[in-house]
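Trainee: Please take a close look at a single part and walk me through it. Keep it brisk.

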Number of protein chains: 2
Amino acid sequence: MKLASLKSGRDGELVIVSRDLSRAAKVPHIAPTLQAALDDWDRLESRLQDVYDALNAGTAEGAFTLALEDLAAPLPRAYQYLDGACYVCHIRRNREARGDTLPDDILDAPLIYQGISHGYGAWNDPIVQNPADMIDFEAEIAAITGDVPRGVSADEAPRYIRLFCLLQDTSLRRIVAPELKRTFGFLTSKPESFLGPLAVTPDELGDLWDGKMVSGTMKVTLRGKQIGNIETGIDSPFHYGQAIAHVAKTRNFPAGTIIGLGTVSNEAADTDWSIGAGCIGEYRAMETIQTGSAKLAFMQPGDRVRIELFDREGKSVMGAIDQEVTWPA
Amino acid sequence: MKLASLKSGRDGELVIVSRDLSRAAKVPHIAPTLQAALDDWDRLESRLQDVYDALNAGTAEGAFTLALEDLAAPLPRAYQYLDGACYVCHIRRNREARGDTLPDDILDAPLIYQGISHGYGAWNDPIVQNPADMIDFEAEIAAITGDVPRGVSADEAPRYIRLFCLLQDTSLRRIVAPELKRTFGFLTSKPESFLGPLAVTPDELGDLWDGKMVSGTMKVTLRGKQIGNIETGIDSPFHYGQAIAHVAKTRNFPAGTIIGLGTVSNEAADTDWSIGAGCIGEYRAMETIQTGSAKLAFMQPGDRVRIELFDREGKSVMGAIDQEVTWPA
């Protein structure tokens, strides 16, 4: 099943989207918003699925031609955002470039922070930040969960995943290092993130979802040039179930929690330059390690980034994120 | 105006509470939940105020006798929680006890983290945690904001504060230090927090609210013995406006953001033992600094903590938090 939210009010208006993205149907009689659907998923899922089946069969009542430009983030505001740094080579390269090594306990538990959940931008919204802050993007795949019970095991946790979507976690690199030095985590260095246009159920991914990781090839294009071509199903020592279980040790999750494993990254990029990176910062770290200096510029007003996941046949899996940087007002 | 939420569903049911806390009235015709009221505050505030005035005059339709036990947290789930460590002596003592000094940049900007916002417990809910994790509480006053525009100045920011309430930020001290060492901030060491029973508008505080800080005396009682007797209006180099403006440098806030200045703490407690502390950790730090060893035990199942703010006449300002620790299931 593919779900999305039309731009409308603070929470958007839930629509079911046909498999080929051509048509959509509103479902106010089932759930007005995606949050409402997630709050009552077990009772509503089959009714939403019926609409999806009808859309794909061309028989859905009230179906209309979908314009992706009308979409907000699937969850424009959420109650919890957790983001990891689980693709460890992302962290390794960033630290290596500045002469650091990985922390000793990096493999003891997934490294995850509590992020800003209240204002996800749409897939094509501008990134409105000051270039003096060194604007970077991060290409990620996020899971959206239902209610997760505290103490859930890593094996059981994936069954609470309701949806997956693309996520772009904007990062202001000038502020990251001094903020992390204060030990309280990211704050002003991680402003609002952006979600891909579509949220898809795990079954929609077919064998790209193995119950632990989402496979596929994440292509990242910056200023019209591909800088990332990354396999997403490998190189994270922690899968979604382990990430969820780690945080759920001391808390329940509310329905609509968004949890990412962090910037996708491949070990093989050390020797295969065509793989690249899922953010500018790591790409610059690779340049520094291999050539002694970083060349890829951070984003400037007018620069665009495109992030899209492709399956084994080269088909787009869950839409694209495609954004331009603009100056703050 | 005093507002609260009856236990009901995920978001509670908004009620207006009389000044003396004896009576309450539901307001489904105005706003079903506190979040809904905050989402549309400018339009709804005067209608809510009319109900408050009628309650105090004894003329409110449908008013009923309020049982505090029926109250959930005023905002049972919120879209953003920000918590500071603005009462700097709290940090200074904790670090001094372990031989550390304050970070050089402690006065450059308020130290604030992104916290867990999705599951605030009620004022009298049990603290369900494992005592092996060294269970502590933190006594705080939180502001609940309306929509705050990005880039707001510290002078302008306080006008976006809609409400204040007590906050108890449960902390698992065994996990705090190793988690902060990883630089991504608090995660499993800060599980759900708890809010006082009532949220009050700034005008309700009279001259306790000077537009920057909330004054009063926070009394903290642990296991029946008072361990904190703290003036809340002093000893924070950063006021609410500065805390809000700092975070809002790179983001808007959504209505219903909860922001605390951190555990209340007084400089004078260094020489006046009767002032004590707003959490066990700092109290133990003071014991360590003054006597060489910490004696006050962390919370065990069956232990109670009570947190309450009093005005100059010794009257309770916004209800009390009163909780018992219980074992996890």
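Mentor: B:L21 sits in the loop between β2 (13-17) and β3 (23-26) of chain B. (Helices, H or I of at least four residues, and strands, E of at least two, are DSSP runs numbered from the N terminus.) This is a predicted model: local features need pLDDT of at least 70, side-chain atom pairs count only at pLDDT 80 or more, and totals for chains, interfaces and linings use all residues. Residues are numbered from 1 along each chain as its sequence is written, chains are lettered from A and ligands numbered from 1 in the order written, and side-chain values use heavy atoms, without hydrogens and water.

Now the backbone. B:L21 is not a glycine, yet its phi is positive, near 70°. B:L21 is partly exposed, at 23% relative accessible area (between 20% and 50%, 1.4 Å probe, protein chains only). B:T183 is another non-glycine with a positive phi, about 75°. Look for B:T183 in the loop between α4 (173-181) and β13 (194-195) of chain B.

Next, the helices. In chain B, α3 (residues 88-97) packs on α6 (residues 280-291). From α3(B), B:C89, B:H90, B:R93, B:N94, B:E96 and B:A97 take part. Facing them in α6(B) are B:G281, B:E282, B:A285, B:M286, B:T288 and B:I289. Contact means heavy atoms within 4.5 Å. The contact residues divide into 5 nonpolar, 4 polar and 3 charged.

Notes. Axes are lines fitted to C-alpha atoms, for helices over the stretch in contact, and angles run from 0 to 180 degrees between N-to-C directions. Ala, Val, Leu, Ile, Met, Phe, Trp, Tyr, Cys and Pro count as nonpolar, Asp, Glu, Lys and Arg as charged, and the others, Gly among them, as polar.
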